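This report is written for a reader meeting the structure for the first time. Please keep the sequence and the model in view while reading.

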Amino acid sequence: MSKRRRVTPAGRLRAAAAGTALVLGGAGALLGLAAGSAQAAEVSFATHCVPPAGVADPVDGTTKVEITAPATAKVGDTVDVVWKFVQAASKNPDIIDLPANTVQPSGVLKAAGAQSADIAMEGPRENPAIPKGGDMVLSDMKGSLKLTTAGEVTLTPDAYTVNAYSTDTKCTPTETVQKAATIEVAAGDGSSSSTTPDPTDSTSQSASPSDSASESASASASASDGTGDGQTDFTGKAVDIPYTCQSPIGEKKATSTIQINAKKDGGSYGITVQFKNSPMDSPADIPADSVKPSMEVALGGADTGSVHVEGPTNSKAIKSGDPIEIPDMTGTYKPGATGESTLSPGVLTIEALGTTTTCKPDRTAVSLTLDTTEQASGASGSTTSGDSSSSGGLAATGSDDHGALKALGLVAGTAVLLGAAVFTFMPGRRTR
């Protein structure tokens with residue numbers, strides 16, 4: 001017969017103490033996890049994705065993302081946020097295989113609560129090879145937010161864009177998205193503990209259109225002073241010009257910083273148009289002598305009409321991933337009026353691999369002002385705008401079906417330049 005073990009009061013006390021220690025130890029571990037400097041949470045939401053026109057039909061799917069952000073911070077801090085794609089809503093269309101490092105995501109993360117802001121998110125062009133019909137594998141997007149108000153700041157994913165071969169697939173939530181992370185912001189001294197730029201502060205990146213126009217006008221006016229005292233070189237103001245381009249893959253928006261300079265030669269002027277910021281990295285290998293830009297510089301003030309300028313073709317092949325630059329474009333301005341004449345960036349034309357794409361400015365701004373003297377057969381009244389395409393799109397391919405457009409735009413294993421779709425300017429990327 002087995003004996004029952006007798007538990008003494010002292011034993012009971014030791015057991016109770018051990019149990020209490022175990023509970024406290026577990027609670028301590030949980031508290032240690034909660035106090036971590038970063039938090040990650042996953043959310044999913046119904047999404048409507050619209051590929052470029054003529055490439056594929058719109059897609060309705062589910063996006064799953066994980067947002068990582070600090071759990072706590074203080075006013076004045078600039079915090080870094082990471083958006084990780086667990087699942088993209090759309091797949092690679094059944095057209096071509098996407099090679100490695102050809103897809104780039106960008107999007108918006110909504111901050112709400114104590115502080116409201118749209119956080120610009122962007123990931124690198126890094127991906128494994130994606131077969132036709134395969135799941136889109138997207139890189140992690142990163143962004144930052146400068147905290148300005150104490151309290152609870154929530155972070156919620158919003159719309160995002162998938163760029164491949166310079167074409168955009170735009171994905172938008174079709175339901176209310178749940179918050180993915182919360183930052184508890186404590187009061188601080190207001191000084192920033194990070195030098196990371198605040199991507200939500202648009203004023204730090206570019207001036208407003210009206211400010212840009214007024215500043216360029218005053219600067220260019222000062223640049224043109226002295227035409228009567230022997231001055232021959234005139235430097236214009238760099239202005240931001242947004243363009244709308246049409247191509248078989250749909251409408252493309254592009255913005256670039258442009259400067260117009262002039263050199264007086266008798267009664268005429270040699271005009272040079274410079275793009276101050278480099279275009280995007282090339283999405284594919286581009287052969288030499290295959291891309292040629294030109295522009296119709298718009299005249300205003302005392303003079304009317306336009307001045308045709310053009311640049312050379314690319315002298316060297318451009319490798320995939322290398323930056324694409326538009327060379328200086330030159331031409332001659334023969335004034336058709338006496339007075340103060342203005343020069344502004346106008347219609348931009350890109351000829352690439354037998355196609356022509358015309359890009360029209362959504363708005364323009366004066367880059368240079370000159371005191372001109374009318375010359376015989378000058379520009380005044382000229383209508384040579386260079387916009388020979390009424391549609392502003394790519395030259396006709398001989399077929400209206402989608403298959404022809406796909407054949408023009410996409411070839412297995414390589415990308416064919418889609419006119420100005422390649423020239424998606426990224427302000428601030430690199431200054432000449």
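## Basis of the model

The model is predicted; local features require pLDDT of at least 70, side-chain atom pairs count only at pLDDT 80 or more, and totals for chains, interfaces and linings use all residues. Residues are numbered from 1 along each chain as its sequence is written, and side-chain values use heavy atoms, with hydrogens and water left out.

## Aromatic pairs

The structure holds 5 aromatic pairs. One of them joins W83 and F85, with 5.6 Å from centre to centre and 45 degrees between the planes, and is tilted. For such a pair, the ring centres of Phe, Tyr or Trp (its six-membered ring) lie within 6.5 Å; planes under 30 degrees apart count as stacked, over 60 as edge-to-face, and the rest as tilted.

W83 and F85 are both buried. The term buried stands for a relative accessible area under 20%, exposed for over 50%, and partly exposed for values in between (1.4 Å probe, protein chains only). Ring pairs also bring in Y160, so that W83, F85 and Y160 form a cluster.

## Positive phi angles

Most residues other than glycine have a negative phi. N101, which is not glycine, has a positive phi near 60 degrees. N101 sits in the loop between β4 (78-87) and β5 (103-113); strands are DSSP runs of E with at least two residues, numbered from the N terminus. With a relative accessible area of 43%, N101 is partly exposed.

D289 is another residue other than glycine with a positive phi, here near 55 degrees. The loop that holds D289 runs between β14 (268-275) and β15 (291-301). D289 counts as exposed, at 56% relative accessibility.

T156 belongs to strand β8 (residues 151-164) and counts as buried at 15% relative accessibility. Residues up to four places away in sequence aside, T156 touches V108, L109, K110, V177, Q178, K179 and A180, where contact means heavy atoms within 4.5 Å.

G236 lies in the loop between β11 (233-234) and β12 (239-247). Its relative accessible area is 10%, so G236 is buried. Apart from neighbours within four places in sequence, G236 is in contact with Q259, I260, N261, S367 and L368. G236 and L370 are 134 residues apart in sequence, and their C-alpha atoms are 9.8 Å apart in space.

Technical notes
Helices (H or I, at least four residues) and strands (E, at least two) are DSSP runs, numbered from the N terminus.
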